[in-house]
Amino acid sequence: MRLSKTFIKTLREAPKDETAKNGAYLIRAGYVHKEMAGVYDYLPLGLRVIDNIKAIIRDELNRIGCEELSLTTLQNPEPWEKTGRFDDQEVDIWFKTELTSGGVLGLAPTHEEPVTNLMKSYLSSYKDLPVAVYQFQTKFRNELRAKSGLMRGREFLMKDLYSFHTSEEDLDAFYTKVEDAYRRIFERAGIGGCTYETFASGGIFSKYSHEFQTMLPVGEDTIYYNNDKSVVLNKEVYNDEVLADLGASGETFEETTAAEVANIFKLKHKYSKPLGLNFIDENNKQQTVYMGCYGIGISRLMGVIAEKYADDKGLVWPDTVAPFQYHLIGIGEKGIAEAEKFYAGRENRVLYDDRDKRPGEKFADAELMGIPLRIVISDRTLEEGMAEITDRKTGKSWTIAISELFEK
Ligand code: ATP
Ligand code: MG
């Protein structure tokens, strides 16, 4: 991508109401545009990060046999009324809208009801099971507070996966596979070392749910962890009874803040029963389908990664999610000619700052944008037949022969 050709511009200041670091940097660096509190547009760079995150998740979920689909945003109240979730919310998080022809529709805050309802058209026998489907979808929640940048949106991207089984054992086995896939996903997304599977409240249908919590000073959640971080609990289940249940009585726990990047639940019959999702078993008897649901906050994950690694100069992306691998700058006549040559054929991996600006300004923008490696080819480095590479994360620079650069 050529910076001279894109419409995006880096900004000196973030909007006044953008108090979160991730939001401020992502806006200033041209990754997102803020429409209003908790509502962001994804610009070309931001979309590339989202797509990289999605690709990692897709890869890991397809490997364990999940199928991708896309459910509707507009929701018919009917299935939600059967589970009591259309009106009877402690806090109403729905955005609802009136039909001109009469009646009300909602914008989906999640998709358990519609996916359960949909499966009634396809699942009828034990031979049809198990099934696991997922989507990347925009969710709408009328959140009370949206002050954490991408970490809490009123319109946000979620990956939601739903699984359907003939038995609790089959659900348990699949749940374990998802836990493993999630660990690989967060590892690959660059936050494996600071993200922990955490016991959280599970509602009435199973003892616990599991969250994946990324330790973060500005995280909205409070978690407790033992010495080797082998037992991590959300504050909501941190009590003597649960500690005993987990065999962790008497251990010392530390408190810290964290951001919930994922949450997985064994739903069992929670939605399949009220919505009547049944199957005929081997003995010709009707049974209720067992379900699990597994969410990852895609836009929150992007915000968390930005928040976690940003320094006082700007964003710092892990290689795997970065929109580009190289941030190229040419200086001087020969330097620019050589940079042009390097850029040709590498348009998809190189962000090329070919704007008519001073080098100092370009360096500052490179730091703000956070691409992993900066390559500078200048008349001066070319005198030795070299280019200079700088690692955004460590700030370390080294030189590399131009011939070697082109080979790599
Ligand atoms: P929270 O407790 O943070 O409000 P939740 O438990 O209500 O989240 P889930 O319904 O479990 O969220 O949604 C699955 C995932 O979607 C969460 O783990 C989180 O990563 C993400 N998510 C939830 N709400 C938001 C939001 N308002 N903005 C961005 N991401 C969100
Ligand atoms: Mg949750």
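**A friendly tour of the chain and its two ligands**

Among contacts in the chain (heavy atoms within 4.5 Å) between residues at least 6 apart in sequence, 67% join residues at least 24 apart. This is a predicted model, where local features need pLDDT of at least 70, side-chain atom pairs count only at pLDDT 80 or more, and totals for chains, interfaces and linings use all residues. Residues are numbered from 1 along each chain as its sequence is written, chains are lettered from A and ligands numbered from 1 in the order in which they are written, and side-chain values use heavy atoms, with hydrogens and water left out.

Trainee: How many helices and strands are in the chain?

Mentor: Helices (H or I, at least four residues) and strands (E, at least two) are DSSP runs, numbered from the N terminus. By that count the chain has 12 helices and 21 strands.

Trainee: What share of the residues in the chain is buried?

Mentor: Buried means under 20% relative accessible area, exposed over 50%, and partly exposed in between, with a 1.4 Å probe and protein chains only. Of the 408 residues in the chain, the buried share is 51%.

Trainee: Which strand gives the most to the shell around ligand 1?

Mentor: The shell has 13 residues, the closest being Arg141, Glu143, Arg152, Gly153 and Glu260; near here means a heavy atom within 4 Å. Strand 8 (155–165) and strand 13 (254–268) each supply at least two of the shell residues. With four residues, the one that gives the most is strand 13.

Trainee: How do the residues of that shell divide into nonpolar, polar and charged?

Mentor: Ala, Val, Leu, Ile, Met, Phe, Trp, Tyr, Cys and Pro count as nonpolar, Asp, Glu, Lys and Arg as charged, and the others, Gly among them, as polar. On that basis the shell around ligand 1 holds five nonpolar, three polar and five charged.

Trainee: How much of the accessible area of ligand 1 does the protein cover?

Mentor: Let's begin with polar contacts, pairs of N or O atoms within 3.5 Å; within protein, one must be able to donate a hydrogen and the other to accept it, and residues adjacent in sequence count only if both atoms are side-chain atoms. Oxygen atoms of ligand 1 lie 2.9 Å from a side-chain N or O atom of Arg152, 3.2 Å from a backbone N or O atom of Val261 and 3.3 Å from a backbone N or O atom of Gly297. Accessible areas come from the Shrake-Rupley method with a 1.4 Å probe; for residues, only the protein chains shown count as cover. Of the 580 Å² that ligand 1 has on its own, the protein covers 82%.

Trainee: Which residues coordinate the magnesium ion (ligand 2)?

Mentor: Donors are N, O and S atoms within 2.8 Å of the metal (3.2 Å for Na, K and Ca), and water is not among the atoms, so sites may look incomplete. Glu260 is partly exposed at 22% relative accessibility, whereas Asn263 is buried at 15%. Coordinating at 2.2 to 2.3 Å are Glu260 (OE) and Asn263 (OD1).

Trainee: Where does Pro130 lie?

Mentor: Most peptide bonds are trans. The bond from Leu129 to Pro130 is cis, with omega near 0°. The place of Pro130 is the loop between helix 4 (112–119) and strand 7 (131–140).

Trainee: Is Lys268 buried or exposed?

Mentor: Lys268 is found in strand 13, and its phi is positive, near 50°. Because its relative accessibility is 17%, Lys268 counts as buried.
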